[in-house]
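Here are my notes for when you have the viewer open.

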Amino acid sequence: PGTPSVRQWFASSAEAAPTALCLDAASAPSRPDKATVWRTLRSARVGSVWDSWYTPEGKLRKPSAPVTTNAILGNPANASSASLRPSHSYGCEDQLFFAGGLKAPKHAYGPVEYKSSSEAVPALLPSLSVPSDHYPLIADLDFTPVDTGAEELIKQVSFRAGPRRVSPSA
């Protein structure tokens, strides 16, 4: 009946095995649109590395927000054209969702946090220490096995070996 959506695939995969999905969503959890990547995937009852900062609805829980991109986009030489003017790309656009026994993320890098975009401007990317317009999104996830029914199947499978006869050598 057609190709599943990313949300359907993620939910189905997480029922069968530990599943992690990391992506540049180009959409922050706090984005005001009704349908966002954050709200769509969080409605599948999955976890995120940003759960300490954002509610499932995308409301900020803390005074500062994690930032995964902090760059000036566009060419300053085109500043005369409104559509080509450089803009500050700033926010929590990279996501890491997990389910199926994966829990308790610990950030292995950062996260980088700022209280406002103006506070972030002095630390624009790319830089010598971060040669990309995105900060790395690296997290350690704990694995807790979940019952997928495989253990019961293994118990039902019998690996009986018949008696072995050893004949003396001549």
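**Notes on the model**

1. Starting with the contacts: among those between residues at least 6 apart in sequence, 66% join residues at least 24 apart. Keep in mind throughout that this is a predicted model.

2. On to the overall layout. The protein has four helices and nine strands. Reading from the N terminus, the elements go α-β-α-β-β-β-β-β-β-β-α-β-α. Of the 170 residues in the protein, 31% are buried.

3. Now the aromatics. The structure holds four aromatic pairs. One of them is Trp 38 with Phe 97, a tilted pair at 5.9 Å centre to centre and 45° between the planes. This pair ties together distant parts of the chain: Trp 38 sits in helix α2 (residues 37-42) and Phe 97 in strand β6 (residues 94-99), 59 residues apart. Both Trp 38 and Phe 97 are buried.

4. While you're looking at rings, turn to Trp 53. Lys 62 lies over the face of that ring, at 4.3 Å from the ring centre.

5. Is Leu 125 buried or exposed? Leu 125 counts as buried because its relative accessibility is 6%, and the cut-off for buried is under 20%.

6. So what is Leu 125 in contact with, leaving aside its neighbours within four places in sequence? The list is Asn 70, Ala 71, Ile 72, Val 130, Ser 132, Asp 133, His 134 and Tyr 135. Take Asn 70 from that list: along the chain, Asn 70 and Leu 125 are 55 residues apart, but their C-alpha atoms are separated by 5.7 Å.

7. Searching the whole structure turns up one cavity of 30 Å³ or more. The largest cavity has a volume of about 60 Å³. Its lining is made up of Trp 50, Val 67, Thr 68, His 107, Tyr 109, Gly 110, Pro 111, Val 112, Tyr 135, Pro 136, Leu 137 and Ile 138. By class, that lining has nine nonpolar and three polar residues, with no charged ones.

Conventions:
Residues are numbered from 1 along each chain as its sequence is written. This is a predicted model: local features need pLDDT of at least 70, side-chain atom pairs count only at pLDDT 80 or more; totals for chains, interfaces and linings use all residues. Side-chain values use heavy atoms; hydrogens and water are left out. On a 1 Å grid over the protein atoms alone, a cavity is a set of points where a 1.4 Å probe fits but cannot get out, and a pocket is an open set with protein on both sides within 12 Å along at least five of seven lines; lining residues have an atom within 4 Å of a point. Grid points are joined across faces, edges and corners, and a volume is the space filled by probe spheres set on the points. Ala, Val, Leu, Ile, Met, Phe, Trp, Tyr, Cys and Pro count as nonpolar, Asp, Glu, Lys and Arg as charged, and the others, Gly among them, as polar. Rings of Phe, Tyr and Trp (its six-membered ring) pair if their centres lie within 6.5 Å; planes under 30 degrees apart count as stacked, over 60 as edge-to-face and the rest as tilted. Helices (H or I, at least four residues) and strands (E, at least two) are DSSP runs, numbered from the N terminus. Buried means under 20% relative accessible area, exposed over 50%, partly exposed in between (1.4 Å probe, protein chains only). A charge sits over a ring if NZ of Lys or CZ of Arg is within 6 Å of the ring centre and within 35 degrees of the ring normal. Contact means heavy atoms within 4.5 Å.
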